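Trainee: Could we go through this model together, one question at a time?

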Amino acid sequence: MALEICVKAAVGAPDLLGDCPFVQRILLTLEEKKVPYQMHLIDTSNKPQWFWDVNPKGKVPLIKFDGKWVPDADVIAQTLEAKYPEPSLVTPAEYASVGSEIFGSFSTFLTTDGSEQALITELSALDEHIKAHGPYVNGEKISAVDLKLAPQLYHLEVALGHFKSWSVPENLTHLKNYMKLLFSRESFVKTQPADKKYLIAGWAPKVNP
């Protein structure tokens with residue numbers, strides 16, 4: 001039986017999958033574990049009443065486990081691992097926080113006069129980790145931390161490329177190869193935003209002109 005999951009619809013295209021990296025993380029988990037699911041596309045600018053009724057905070061992703069709607073991507077990912085342990089996506093504890101500051105540094109750099117150097121420092125640390133342990137964070141096998149990082153790195157690449165004409169420095173070759181590896185996975189291609197323009201539209205109101 002397919003799991004029901006509420007996901008963000010594309011900005012201006014409510015019948016297409018949108019650009020939420022937290023939603024994509026969960027869709028990637030479902031795809032990698034081969035768990036069947038049914039998506040409810042939620043127009044985040046006009047959320048239906050039933051969605052508010054079951055989810056007062058109004059955030060996606062939201063998934064139904066055993067008749068109960070559960071929010072929060074971290075909780076959902078942990079629950080999926082417990083309910084569907086094969087294939088295992090468990091990341092060793094010592095690697096679980098690899099890259100955890102990248103999304104915040106990217107968002108700050110994109111939406112304020114935040115530091116480019118802070119972002120480069122975080123990306124360089126991930127590059128070094130992949131160099132030592134790759135091709136994924138935990139070696140040969142993809143794990144939960146990769147599925148969390150993949151949408152974040154995609155947002156970084158597309159949004160910074162569009163709004164700041166910025167790209168990951170060429171010398172971070174291990175990181176660039178890691179990104180290519182993630183973005184070419186079947187699970188990623190299937191769950192990415194319907195078009196890059198929807199990702200750009202999603203970030204546009206937050207970016208300083």
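Mentor: A disulfide is a covalent bond between the sulfur atoms of two cysteines. In what follows, a pair of cysteine sulfur atoms counts as a disulfide within 2.5 Å, and please keep in mind that this is a predicted model.

Trainee: How many disulfides does a search of the whole structure find?

Mentor: Take cysteine 6, for which the nearest cysteine sulfur belongs to cysteine 20 and lies 12 Å away. The cut-off is 2.5 Å, so cysteine 6 is in no disulfide, and cysteine 20 is likewise in none. For the whole structure, the number of disulfides found is zero.

Trainee: Is cysteine 20 buried or exposed?

Mentor: A residue counts as buried when its relative accessible area is under 20%. Cysteine 6, with a relative accessible area of 0%, is buried. Cysteine 20 has a relative accessibility of 13%, and therefore it too counts as buried.

Trainee: How is helix 4 oriented to helix 6, roughly parallel or roughly antiparallel?

Mentor: Helix 4, residues 102–111, packs with helix 6, residues 144–164, at an angle of about 15°, and their axes are 10 Å apart. Because angles under 35 degrees count as roughly parallel, helix 4 is, relative to helix 6, roughly parallel.

Trainee: Of the residues in the contact of helix 4 with helix 6, how many are nonpolar?

Mentor: Helix 4 passes helix 6 in a left-handed crossing. Helix 4 contributes Ile102, Phe103, Phe106, Phe109 and Leu110 to the contact, while helix 6 contributes residues including Leu153, His155 and Lys164. Sorted by kind, the contact residues comprise one charged, two polar and, as the number you asked for, 10 nonpolar.

How values were computed. Residues are numbered from 1 along each chain as its sequence is written. This is a predicted model: local features need pLDDT of at least 70, side-chain atom pairs count only at pLDDT 80 or more; totals for chains, interfaces and linings use all residues. Side-chain values use heavy atoms; hydrogens and water are left out. Axes are lines fitted to C-alpha atoms, for helices over the stretch in contact, and angles run from 0 to 180 degrees between N-to-C directions. Helices (H or I, at least four residues) and strands (E, at least two) are DSSP runs, numbered from the N terminus. Angles under 35 degrees count as roughly parallel, over 145 as roughly antiparallel, 65 to 115 as roughly perpendicular and the rest as oblique. A crossing is left-handed if the near helix is turned anticlockwise from the far one by less than a right angle, and right-handed if clockwise. Contact means heavy atoms within 4.5 Å. Ala, Val, Leu, Ile, Met, Phe, Trp, Tyr, Cys and Pro count as nonpolar, Asp, Glu, Lys and Arg as charged, and the others, Gly among them, as polar. Buried means under 20% relative accessible area, exposed over 50%, partly exposed in between (1.4 Å probe, protein chains only).
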